[in-house]
Amino acid sequence: MKKKRIWALITALCLTCTVGFGMTGEQPIKVSAADSLSEIQQKQKEIQKKLNEAKSNLNSVNKQIGAEKQKQEALDNQISLNQQKINVLQQSISAMNADIADKNNQIAQKEEDIANKEIEITDTYEAFKKRMRAMYMAGENSSLEMLLSAESFSDFLTNAEMMKAISAHDQQLVEDLRAQKAAIEEEKTGIEQDKAAIEQRKQEIIIQREDIKATQSELEQAYAQSKDAMQDYGALKDQYENNRDAALAEEKAVEAELQNWYKTHSSNSSDGSTANSQFIWPLPGYSRISSPYGSRWGGFHTGMDITGGGVFGANIVAAASGTVIQSTSHYSYGNYIIVDHGGGYSTLYAHASQLLVSIGQKVEQGQTIAKVGSTGNSTGPHLHFEVRVNGKHQNPANYVHA
Ligand SMILES: [Zn+2]
């Protein structure tokens, strides 16, 4: 599957090259196949740099988004908590308003009662005055004359007692009414005091509510700001994702270019065809060559690096049968194995996470001898594979193909 895809890419690239030359004719355009290995590697390095930058930007913006999300959640919690508080205070205020309305009704009732008493007092007093006037009119000029006009002492006493009784009775009546009125007025004052107390409490609660409302509007403002920030981060994230995707596409293209170069050069090799039958690909299921044999960054890469998604822990197999002559750890190779195949041929497998064979052990072609890792001088899980003839490293591309 992988091999087919790579070939499809290479074929596509080659077609592009041919068409490109045909169309432009005399103008020498820079084509993939014409690039030197070091140029391809340089491109790869630049693309890697872009990719790393995009990934790092994406990473940091994702962190900011995460932090902003947490902030929003905290704000949201606070806002709903405050809303609950406001609702409770609002309920108290409503209850107090109902109380105050009730007190107002009671006060109005008392005022009506007082007014009625007032009328009763006035009426009683008027009746008393009327009676006095009637008595006065019935007699001579005054009540004294009425008393003196008694024909007998008995009459006199009767008149006097009567006068006194009438007066005392009416006086009592008025006094009772006045006392009743005063009692009602006292009740009314009591109700008014209760009402005033409720109103004071209500004012305090309104202040509390207004305080929370002020905090609430600050929180809501902060939330709105956070939402704006989130939008900005989202836009940045999109941009970084685009950068990353573009770099990934470039990486894929340059990889295809590398494969192309690699295939072209290996098919030109004289001993490639015979070696192909002797050695098998050392990392089944993984065909991506992240770094080929040859000059690299001012040095020389003595093998080929093979990798792919999920490569860590994959089986490394012996390219041919032979004897294990090295199985150890090295500062640069990490955990590595050398298998001697006889006839001056040996192969080396480096950066393993696990070594499964030991020195002196005989291995068959295709036998799993180690697991892919990233030990030693390595930036990520891959197999560094070398082919040596009489101890001298060769281009593995002349010996193995994915
Ligand atoms: Zn390597």
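## Ground rules

Since the model is predicted, local features need pLDDT of at least 70 and side-chain atom pairs count only at pLDDT 80 or more, while totals for chains, interfaces and linings use all residues. Residues are numbered from 1 along each chain as its sequence is written, and side-chain values use heavy atoms, with hydrogens and water left out.

Buried here means under 20% relative accessible area, with a 1.4 Å probe and protein chains only. Leu383, Phe385, Val387 and Val389 point one way, and His384, Glu386 and Arg388 point the other.

E12 pairs with other strands (a pair needs at least two DSSP bridges). Six bridges link it to E8, residues 345-352, in an antiparallel arrangement; there, leucine 348 is the bridge partner of glutamate 386. E4, residues 304-307, also runs antiparallel to E12, with three bridges, and isoleucine 306 sits opposite leucine 383.

On to E13, residues 392-394: three bridges join this strand to E12, again antiparallel. The two form a hairpin with two residues between them, and asparagine 390 in the turn has a positive phi of about 50°. Valine 389 stands opposite lysine 392.

## The zinc site

The zinc ion is held by His301 (NE2), Asp305 (OD) and His384 (ND1), at 1.9 to 2.1 Å. Along the chain, these donors are spaced H-x3-D-x78-H. Histidine 301 lies in strand E3 (residues 299-301) and histidine 384 in E12, so the pair ties together parts that are 83 residues apart in sequence. Donors are N, O and S atoms within 2.8 Å of the metal (3.2 Å for Na, K and Ca); water is not among the atoms, so sites may look incomplete.

Histidine 301 is buried at 3% relative accessibility, and histidine 384 is buried at 5%.

## The nonpolar cores

A nonpolar core is a set of buried Ala, Val, Leu, Ile, Met, Phe, Trp, Tyr and Cys residues joined through side-chain atoms within 4.5 Å. The largest one has 30 residues, and Leu283, Ile316, Tyr349, Ile369 and Phe385 touch the most other members. E12 gives the largest share, four residues. Another core, of eight residues, lies apart from this one and includes Leu89, Met96, Ile100 and Ile212.

Note on methods: Buried means under 20% relative accessible area, exposed over 50%, partly exposed in between (1.4 Å probe, protein chains only).
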